[in-house]
Amino acid sequence: MPDLTQAEVAGVQANDVDKANRELTYAQAIREALQLALRRDERVFMLGEDIGVYGGAFGVTDGLIEEFGAERVRDTPISEAVIAGAAIGAAMTGMRPVAEIQFMDFITLSMEQLVLQGAKLRFMFGGKASVPLVLRTPAGSGTGAAAQHSESLEAWFVHVPGLKVVMPATPYDAKGLLLAAIEDNNPVIFVEHKLLYRTKGQVPEGYYTVPLSQSEVKREGGDLTVVATSIMVPRALEAADLLAQEGIELEVIDPRTLKPYDSETVTRSVCKTGRALVVHEAPKTAGFGAEVVAEIVAGEAFDYLDAPVRRLAGLDVPIPYNRELERTAVPQVADIVREARALVRGEY
């Protein structure tokens, strides 16, 4: 474990570092995680389009090539299939690559490598081979980038055995989950929302990890459980603040890792509140919300329900270029307030 400071070593061992010491943006937290991983383990390297001198499409990898060089921060040709294939091959031969796909929409070009190869190799080799690969990708709408740069495709990968899917919503979680993903011996799809890159939060210095299968209660409340992912977490928290002024208390839960999914935290909450609303940006049909609802109604929480479980999700349309239509296509704070209020008032 070379190049770790004493404080970083302490962080590795304790894994319960103080959260209240400084603020970073979501993008800075991810960059710091990459920096620590590159320093810690010489097997870690990065590859992707324009991640070196340019610093990545959203500046997340800015400055890393100066510290680690072009061998470990590798610019690649414009070929998502090559990025994924090279990363899978390197992972199988002992490296721990962190690949970047500039927009989640373009991940479609690497599906054969990720789904047909990377996800299955450990199983096909009877556990004698592993694929310790992290594939980072920005997702989501809100930047006016239109239909080919604004999709949320996480449900596709949740459906594939052999892949793990992570969607952090805060800078603290982004850093800790990314380091945990890099330590993992399985391929991990790490989904970063573009609108979160500039959001700030408390992030400890040093090395720490957040477990890949642990939901977190972001706000406690007794009237309604809201399960929200990615950008919908801060929107749900804002909705909770507004409804609290009416005497309605939302309990907001962030799964953080969609697969493996920690359903126990959600079940405990629904048993307490008796109501549940699932909120995500991706289109509603066959989205991750359907899985959350199925876990609620098929399990212990069913007997505690006082109202139907509702889903609030993106429309089943490609994301429009027009800014007003783009906002209309995905849930906003006002939508969450409306749905939550109606559920608590028994209007469904």
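**Cores and pockets: a short tour**

Visitor: Which residues touch the most other members in the largest nonpolar core?
Guide: Welcome! This is a predicted model. The largest nonpolar core holds 62 residues. Those that touch the most other members are Ile30, Leu178, Leu224, Val226, Leu250, Leu277 and Val279.

Visitor: Which element gives the largest share of this core?
Guide: Ile30 is among the core members that touch the most others, and helix α2 covers residues 26-40. The largest share of the core amounts to nine residues. The element that gives this share is α2.

Visitor: What does Leu224 touch beyond four places away in sequence?
Guide: Happy to list them, leaving out residues up to four places away. One group of contacts is Glu249, Leu250 and Glu251, and Thr273, Arg275, Ala276 and Leu277 are touched as well.

Visitor: How many residues are in the second, separate core?
Guide: Its members include Ala90, Ile101, Leu305 and Val309. The size of this second core is 45 residues.

Visitor: Which elements give two or more residues to the lining of the largest pocket?
Guide: This pocket has a volume of about 300 Å³. Of its 20 lining residues, Glu151, Ser152, Leu153, Ala282 and Pro283 lie nearest the centre. The elements giving two or more residues to the lining are α7 (154-158) and β13 (276-283).

Visitor: How many charged residues are in the lining of the second largest pocket?
Guide: The second largest pocket has a volume of about 190 Å³, and its lining includes Arg31, Lys194 and Arg198. Besides four nonpolar and two polar residues, the charged ones number three.

Notes. Residues are numbered from 1 along each chain as its sequence is written. This is a predicted model: local features need pLDDT of at least 70, side-chain atom pairs count only at pLDDT 80 or more; totals for chains, interfaces and linings use all residues. Side-chain values use heavy atoms; hydrogens and water are left out. On a 1 Å grid over the protein atoms alone, a cavity is a set of points where a 1.4 Å probe fits but cannot get out, and a pocket is an open set with protein on both sides within 12 Å along at least five of seven lines; lining residues have an atom within 4 Å of a point. Grid points are joined across faces, edges and corners, and a volume is the space filled by probe spheres set on the points. Helices (H or I, at least four residues) and strands (E, at least two) are DSSP runs, numbered from the N terminus. Ala, Val, Leu, Ile, Met, Phe, Trp, Tyr, Cys and Pro count as nonpolar, Asp, Glu, Lys and Arg as charged, and the others, Gly among them, as polar. A nonpolar core is a set of buried Ala, Val, Leu, Ile, Met, Phe, Trp, Tyr and Cys residues joined through side-chain atoms within 4.5 Å. Buried means under 20% relative accessible area, exposed over 50%, partly exposed in between (1.4 Å probe, protein chains only). Contact means heavy atoms within 4.5 Å.
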